[in-house]
Structure formats: C-alpha cells, structure tokens
Amino acid sequence: MGFRVIKTAIATLIAILVAETAGIPGAMSAGLLAILGVDVTRKRSLRSVSARFFASVVGLVLCFILFRFIGFQIWVLIVYILVGFPLIARLNFKEGIVTSSVCVFRVFNGGDVSFHMFIEQILLLVVGLGSAMLVNLVYMPKDEDKLASIRREVNQLFATIFKHIAETLRNPEDEWNGKELILAENKIESGISLAKRGLENQVIHTDESWAVYFYMRREHLDRVESMMELISQVYRKMPQAELAARVFDQLSADVLEPHYTGKTEQQLRQLESDFKGMELPGTREEFEMRAAILQLCRELNEYLNISKRDKKPMRAGGEKALSEGK
C-alpha cells in the first residue's frame, strides 16, 4: 500500500466527517473531491487544489447560466462540455476540469439553480479540497535517507570508475565493460528525480543542496565519458600513462572523502609541470598517445573545476564541509 493511498483515505474520511458535522448535503461528494485533491508534493498540491477550486467556480457559474436559461436537459450538459472545457483550459485551470464536472453534474441531478445550491457546492469544494490540501501540507515523507544512500552509491561507483581508468592507463590490454558508468548514470537520474520531489515539498524554506550535488555528478559523468574516449587512444604502456594513473588512484580515494581535499589537484599540477620538462616524443605514435594523455589531464582539470564550483573545500583547522564527494 502506497503512502499516497493512505493520505487519500485520511483526507476522504476528514472531508466526509466535516461535511456531515456541518450539515452540508452531499457529504460523499466532499469525499470524492478530497480524493481528486490529494497529490504527491506540497507545492503541486497547492497548485492542484487552486486550479480545481477556481475551475469548479467557473464551471458552476457557467452551468447555472445554462440551466437557468435553457433548462435541465441532457443535451445542455453537452453544451457545457463544449463551452466550459475550452474556457477552463484557456484560463489555465485545465487540471480542474474533472472536479468542475463533478460539481456541475451534482447541480444537474439536484435540478436547482438557486443561490443556496451555489453556496452548497462552494462549501463542498472548500471541505473536500481543503481536507486534501491539509493532509498534504501536514505531512510528506522525507527522502533524506534515500538521497544519502544514493549519494554513497554514486560516490562508490565513481571511485570504482577511477580505479578502472588507472588500471587501463597502466595496462591498455585490461578489459573493462564500463557497467559502472551505466549504473552511475541511472543512480544520478534517480537522485535528481528524488531531489526535485524534495524541493516540491519545501514550501517556505528551500534547500537545493541535494539537487546541486546530483546535477554536479551529471556534469562529472559527462567529463568521465570524454575521458574514456581519450583513454582508448592510449594503446600501449607509457611512463606518462603511469604518472596519470597515479593521479586517478588519488582521485578514486578523494571521491569518497566528505570534503574537497585538493590532493588530486596538487598531483595534477605536478604532472602537468613534469610533462613540460619531458623530452619531446620521438615518433608520431608516441606523440599521439602523449597528446591524448595531456588532453585527458585537461578533462580531469575541468572535472575538478566543477567540484570546486559546486562544493566547499575543507575549512581551516580541518573542519569538514557539508557536501560530500569530490
């Protein structure tokens, strides 16, 4: 049983009990309106309930005009659908078309277009949709634990990817199917989806740290994929490849740290400095592979720039930043 089902049941019960206690005729209709009003997030609930309420008011006004001047005929309902649905959609209340139809058909069954009937329908809307919104605002499940779990899995996958990159640089014949890249992409997209839902549940104070983290990882993954293309051009063992492998060894450890250590960046700067002091390649083959390794270092530098942009480094005195993962 999903949590939304439980919320729907509670909202329906509240709506029916309130309508019956207040003596509003058609308490079951209030329950039906509550079922239509329950949504998955707080912000979406506010938008949904507002759209349903105003769409219903527009529908009631239109149906009262039609029923008063034309009468309670079946074909008048068809006229209402042909006129009312486009009007409600044009007013940007499209989500409330079904709710408004519930109110209109109730008026049709009652055969009454008095002011009392209009107020009665408004009260049912307030009770039914209000109960749904109340349940949505009072409690929404928090996804902090799920997000933290996904973050740990993503960090571990990145660590494994960098280990494989280091091994491939040391031994170009090493076979790796790259499944961690696919798993990381799936986890990142799941994290982004969950983080977006979390933002939708934050009505007053919003915390975008989870969304920032997973979008950062998406950018990281794009850089890693570019790295893989460059690594495929290094098809034999080279001293420069061994030096680059050591940098990725450090990165595979740093990515699991709860803060930006800067160790990988220091090694990368040293490697770039060493490259400048090396003798020029003697063959075209060596030139091409060393060029690929140099471009690989530039891609890694962009990866680290993304980390520095979106995450805080370790503060003075060893105090750790809040964001996790390099």
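E285 forms a salt bridge with R236, with the closest N and O atoms 3.4 Å apart. A salt bridge here is a side-chain nitrogen of Lys or Arg within 4 Å of a carboxyl oxygen of Asp or Glu. E285 lies in helix 12 (residues 284-310) and R236 in the loop between helix 9 (209-231) and helix 10 (239-254), so the pair ties together parts that are 49 residues apart in sequence. Helices (H or I, at least four residues) are DSSP runs, as are strands (E, at least two), and they are numbered from the N terminus.

The model is predicted: local features need pLDDT of at least 70, side-chain atom pairs count only at pLDDT 80 or more, and totals for chains, interfaces and linings use all residues. Residues are numbered from 1 along each chain as its sequence is written, and side-chain values use heavy atoms, leaving out hydrogens and water.

**Salt bridges**

- By the rule above, the count comes to 14 salt bridges.
- E285 is partly exposed, with a relative accessible area of 33%. R236 is partly exposed too, at 34%. Buried means under 20% relative accessible area, exposed means over 50%, and partly exposed lies in between (1.4 Å probe, protein chains only).
- R106 and E120 also meet through their side chains in a salt bridge, at 2.8 Å from N to O. This pair links distant parts of the chain: R106 sits in helix 5 and E120 in helix 6 (residues 115-138), 14 residues apart.
- R106 is partly exposed, with a relative accessible area of 21%.
- R246 pairs with E242 in a salt bridge, where the closest N and O atoms are 3.4 Å apart. Both residues lie in helix 10, 4 residues apart, which is about one turn of the helix.
- R246 counts as partly exposed at 46% relative accessibility. E242 counts as partly exposed at 26%.
- Salt bridges also link E167, R170, E242, R246 and D249 in a network.

**Helix 2 against helix 5**

- Two packed helices are described by the angle between their axes and the distance between the axes.
- Helix 2 (residues 27-37) and helix 5 (residues 97-110) pack at an angle of about 170°, and their axes are 10 Å apart. Axes are lines fitted to C-alpha atoms, for helices over the stretch in contact, and angles run from 0 to 180 degrees between N-to-C directions.
- Helix 2 and helix 5 are therefore roughly antiparallel to each other. The cut-offs are under 35 degrees for roughly parallel, over 145 for roughly antiparallel, 65 to 115 for roughly perpendicular, and oblique for the rest.
- Which residues meet? S29, L32, L33 and L36 in helix 2 meet V98, T99, V102 and R106 in helix 5. Contact means heavy atoms within 4.5 Å.
- By class, this contact has 5 nonpolar, 2 polar and 1 charged residues. Ala, Val, Leu, Ile, Met, Phe, Trp, Tyr, Cys and Pro count as nonpolar, Asp, Glu, Lys and Arg as charged, and the others, Gly among them, as polar.

**A closer look at S29**

- S29 is found in helix 2. S29 counts as buried, at 19% relative accessibility.
- Leaving aside its neighbours within four places in sequence, S29 is in contact with R106 and L124.
- S29 and D249 are 220 residues apart along the chain, and their C-alpha atoms are separated by 64 Å.

**The loop between helix 4 and helix 5**

- N92 lies in the loop between helix 4 (74-90) and helix 5. N92 counts as exposed, at 67% relative accessibility.
- Most residues other than glycine have a negative phi. Phi of N92 is near 65°, a positive value in a residue other than glycine.
- E95 has its place in the loop between helix 4 and helix 5. E95 is partly exposed, with a relative accessible area of 36%.
- Leaving aside its neighbours within four places in sequence, E95 is in contact with D39, S48, A51 and R52.
- E95 and A27 are 68 residues apart in sequence and 23 Å apart in space, C-alpha to C-alpha.
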